[in-house]
Amino acid sequence: MKVLLIIPAYNEALNIEKTIQDITTNTNYDYLVINDCSKDNTKEICEKNQFPYLSLPINFGLASGIQLGMKYAYQKNYDIVIQFDGDGQHQAKYIQNLVDEIEKKNCDIAIGSRFVTKKKPFSLRMLGNTLISFCIKMTTGVTIRDTTSGMRAYDKIAIEEFVKNSNSTPEPDTIVYFMKKGMQVKEVQVEMSEREFGESYFNVWKSIEYMFNMIFSILFIQIFTKKRKENKKCQ
Amino acid sequence: MSVTLRIILIVCSLISFILVVRKIKQTKLKVTDCIIWILGSILLIFMSIFSNVVVWISEKLGFAAPVNFVFFMMIVFLLVEAFHHNMKISLLNEKIKNLNHYIALKEKEEKK
């Protein structure tokens with residue numbers, strides 16, 4: 001199966017080389033850096049090291065970056081797309097586990113989760129995670145422990161949905177939507193490290209806004225989307 | 001309706017009318033996008049000239065005072081406009097995003 005790693009990067013000049021090195025030493029899969037109009041020299045670093053990259057002329061956010069990656073994967077006929085953060089938080093050695101899960105046809109979307117076998121620590125940061133988890137349980141009946149994990153693998157059905165539906169974002173509400181469309185979601189235990197350089201996009205207010213948006217979206221908007229009974233895979 | 005309110009309404013609608021026409025002349029507004037404002041200001045003038053019609057309608061609909069009906073109409077008009085703009089912004093956003101993607105993909109193609 002053809003696998004593509006999408007690495008969305010916004011101002012990740014300090015982390016991107018290390019991330020790519022991690023990927024190339026631990027896997028043989030194709031990867032693609034998506035430079036979302038970084039203000040630093042992320043683009044020049046990609047150019048210098050000859051990383052395959054796409055560079056957006058206007059900064060448009062994470063969702064747009066992932067959608068672009070999906071478009072590229074769809075055009076080049078990739079079977080699996082893995083979303084992989086460029087900030088060094090994700091570890092490439094766990095990619096194989098995600099790919100295996102999809103190749104074995106266990107699921108359409110594999111989420112790299114921190115809390116499958118390990119217990120979720122109790123902190124304010126995890127409260128939002130738990131809240132979203134609760135909302136997903138309520139609307140779909142499926143337990144997803146690490147909802148905000150940014151390390152996910154999507155199969156061809158999900159890629160196609162991403163390309164065709166511009167409301168698809170790499171966020172938990174889209175996962176709920178995909179589940180209602182009949183896709184199977186599985187969690188795979190991974191470990192994540194703290195980011196070394198650069199600043200996270202999320203501060204306290206952004207996080208609260210994010211939580212509110214997600215919960216609202218999951219509870220009120222996704223409920224109105226029609227549930228598809230049959231699983232596409234069985235056809 | 002009091003005379004003062006009628007004068008205020010007429011002045012407001014005249015100002016908005018002149019503003020819209022001026023902006024069209026300066027080509028800062030497209031004619032098709034601002035017809036709604038011209039219609040709105042014409043409606044305001046009508047409401048202030050034929051105020052007995054407004055009084056009659058507001059009484060029939062059970063408004064406490066005709067002025068409430070005038071404000072109600074304005075709020076409805078503004079809400080519809082706001083929603084319309086919201087829709088337009090979403091659409092434009094989508095178009096820019098697709099253009100953005102297209103440029104990025106094209107750039108990669110050409111580099112090969």
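View 1. S13(B) sits in helix 1 (residues 3–25) of chain B; helices here are DSSP runs of H or I with at least four residues, strands are runs of E with at least two, and both are numbered from the N terminus. This is a predicted model, where local features need pLDDT of at least 70, side-chain atom pairs count only at pLDDT 80 or more, and totals for chains, interfaces and linings use all residues. Residues are numbered from 1 along each chain as its sequence is written, while chains are lettered from A and ligands numbered from 1 in the order in which they are written. S13(B) counts as buried because it has 21 C-beta neighbours inside 10 Å. (Buried takes 20 or more other C-beta atoms within 10 Å of a residue's own, exposed 12 or fewer, partly exposed anything in between, with C-beta atoms placed from the backbone.) Leaving aside residues up to four places away in sequence, S13(B) touches S41(B), L44(B) and I45(B); contact is C-beta atoms, placed from the backbone, within 7 Å. S48(B) is 35 residues from S13(B) in sequence, yet their C-alpha atoms are 9.8 Å apart.

**View 2. Helix 3 of chain B meets helix 4 of chain B.** The two helices pack at an angle of about 90°, with axes 8 Å apart. That makes them roughly perpendicular, a label for angles of 65 to 115 degrees. On the helix 3 side, V54(B), V55(B), I57(B), S58(B) and L61(B) take part, facing P66(B), N68(B), F69(B) and V70(B) of helix 4. By class, this contact has seven nonpolar, two polar and no charged residues.

**View 3. Helix 3 of chain A and what covers it.** After the helix comes N77(A), with a positive phi near 65°.

**View 4. Strand 4 of chain A between two partners.** Strand 4 runs parallel to strand 1 of chain A, joined by four bridges, and L4(A) has V81(A) as its bridge partner. Strand 6 (residues 152–154) of chain A runs antiparallel to strand 4, with three bridges, and here I82(A) stands opposite A153(A). Pairing takes at least two DSSP bridges. Both faces of strand 4 are covered: I80(A) and I82(A) are buried on one side, V81(A) and Q83(A) on the other.

Key. Contact = placed C-beta atoms within 7 Å. Axes fitted to C-alpha atoms, helices over the stretch in contact; angles between N-to-C directions. Parallel < 35°, antiparallel > 145°, perpendicular 65-115°, else oblique. Nonpolar A, V, L, I, M, F, W, Y, C, P; charged D, E, K, R; others polar.
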